[in-house]
Amino acid sequence: MPACHSSHGGRLTLKKSSVSGGLSLHRPLHKRDVVGKTFCSVGLSTYRGSIVESSSQTAEEKIGVLLLNLGGPDTLHDVQPFLFNLFADPDIIRLPRLFRFLQRPLAQLISVLRASKSKEGYAAIGGGSPLRKITDEQASALKMVLETKEVPANVYIAMRYWHPFTEEAVHQIKRDGITKLVVLPLYPQYSISTTGSSVRALQNIFKEDSYLSRLPVAVIESWYQRQGYIKSMANLIEQELHNFTKPEEVMIFFSAHGVPVSYVENAGDPYRDQMEECIFLIMKELKAREIINDHTLAYQSRVGPVQWLKPYTDEVLVELGQKGVKSLLAVPVSFVSEHIETLEEIDMEYRELALESGIENWGRVPALNCTSSFITDLADAVIEALPSTMAMSTSTGTEEEVDNDPMQYFMKMLFGSLLAFVFLFSPKMVSAFKKNIL
């Protein structure tokens with residue numbers, strides 16, 4: 001187990017991943033010198049629902065691991081309510097405090113307007129998101145590896161915007177009498193819109209419960225710099241390069257999920273820095289294997305009228321085609337599971353755009369899913385985080401105002417709904433909204 005270094009606030013920083021005790025988040029910036037389609041090959045019969053239980057834990061200690069992920073609609077019928085949950089999150093649409101009462105009406109409006117297009121995307125990949133199934137399999141595989149390392153644990157899944165919701169997982173954790181919990185976001189890089197949002201949801205639940213508020217917890221905030229992850233990504237890239245006639249001529253194209261620029265420049269989100277360092281470390285590993293292909297990074301999945309992190313994936317693909325790039329290997333670097341952004345956006349939309357732009361040979365690195373080296377490294381990260389567990393901080397520094405007056409809340413929602421109704425039926429506003437949001 002690597003050495004730990006203490007710092008202020010009771011936080012322990014591990015050499016291999018960013019871990020914080022309790023549920024208060026720290027977002028350190030790291031230095032540069034930090035060192036076909038398969039889902040999962042491991043199938044276990046121990047899976048029940050979205051909890052993978054261990055029967056060999058002692059009565060004195062029951063370890064739990066909570067996997068955090070985005071979630072996705074299981075069927076086309078689920079698409080609109082899933083989108084509502086997504087856009088109702090204040091970490092996704094960050095409204096000024098004065099207009100926070102518009103959050104839910106605005107989410108309702110956007111989800112209705114976007115539902116049709118989103119359903120087309122999910123229909124193209126089979127009628128729903130595979131994220132639940134893959135995350136379940138990752139949980140089973142992780143439990144199995146932990147047991148081989150003599151660290152029996154129950155593994156739970158908390159999806160942010162669809163079932164099983166965070167509340168469902170926490171209820172089960174409490175019912176099982178877990179005595180020590182490691183929170184493991186399935187996002188390699190930290191962002192306020194992913195790990196930050198999920199952890200804040202946990203904070204809100206834990207602080208209202210006397211049992212949970214005393215539960216020792218460690219949060220693995222980011223783990224993109226872990227050697228197991230870096231080597232696993234490099235292995236997949238190396239394997240896919242061999243599918244090209246001339247591997248040395250292939251452009252390695254990293255495509256990461258974007259976030260609005262304001263998150264980084266105004267809210268201090270370290271996502272861009274961590275993503276750039278992640279690419280640096282992967283390419284460093286590839287160069288150590290004498291793979292010296294050119295590479296580039298771009299950001300996908302932008303929505304709305306605001307500026308997102310650049311360069312944009314679609315624009316870069318066109319530029320590469322114009323520059324004469326003929327062979328390209330797409331690497332979905334911020335995703336560890338196949339879902340709509342890989343299966344539809346990259347495999348269909350971006351592939352078609354690349355071929356239209358003059359790129360002749362297209363390839364795509366699969367998501368890590370249940371790659372054995374990846375799951376083993378996640379298990380190691382959990383074990384390394386266990387010594388840093390501590391009860392959640394009583395002050396998170398990011399608490400939001402809460403409306404405790406039911407009448408005031410009702411009036412805000414009514415006023416917001418009326419505004420949204422007027423907005424929805426204004427032809428000019430609908431036209432502008434569709435142009436920028438859809």
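User: Which residue in E9 is the bridge partner of Val 182?

Analyst: This is a predicted model, in which local features need pLDDT of at least 70 and side-chain atom pairs count only at pLDDT 80 or more, while totals for chains, interfaces and linings use all residues. Residues are numbered from 1 along each chain as its sequence is written, and side-chain values use heavy atoms, with hydrogens and water left out. Helices (H or I, at least four residues) and strands (E, at least two) are DSSP runs numbered from the N terminus, and two strands pair if DSSP finds at least two bridges between them. The bridge partner of Val 182 in E9 is Ala 218. Strand E8 (residues 180-185) and E9 run parallel, joined by 3 bridges. Strand E3 (residues 18-21) runs antiparallel to E9, with 4 bridges; there, Ser 20 stands opposite Val 219.

User: Is strand E9 buried or exposed?

Analyst: Buried means under 20% relative accessible area, exposed over 50%, and partly exposed in between (1.4 Å probe, protein chains only). In strand E9 (residues 217-222), 6 of the 6 residues are buried, so the strand is largely enclosed by the rest of the structure.

User: What is the strand order in the open sheet of 4 strands?

Analyst: In a regular strand, side chains alternate between the two faces of the sheet. Here the order is E11-E10-E12-E13, with parallel pairing. Strands E11 (295-300) and E13 (361-364) are at the edges with a single partner strand each, so one side of each lacks a neighbour in the sheet. From one strand to the next, the twist averages 25 degrees. Strand E10 (residues 251-257) is joined to strand E12 (residues 327-332) by 5 bridges, and Met 251 stands opposite Leu 328 in E12. Helix H7 (residues 227-241) packs on this sheet and touches E10, E12 and E13.

User: At what angle do H3 and H12 pack?

Analyst: Two packed helices are described by the angle between their axes and the distance between those axes. Axes are lines fitted to C-alpha atoms, for helices over the stretch in contact, and angles run from 0 to 180 degrees between N-to-C directions. Helix H3 (residues 131-148) packs against helix H12 (residues 372-385) at about 65 degrees, with the axes 9 Å apart. With contact meaning heavy atoms within 4.5 Å, the residues of H3 that meet H12 include Leu 142 and Val 145, and those on the H12 side include Phe 374 and Leu 378.

User: What is the mean pLDDT of the protein chain?

Analyst: pLDDT is the predictor's confidence in each residue, from 0 to 100. The chain has a mean of 85, and 78% of its residues reach 70 or more. Residues 1-15 have pLDDT below 50, yet the model gives this stretch 27 contacts beyond near neighbours in sequence. Where pLDDT is low, the predicted coordinates should not be read in detail.
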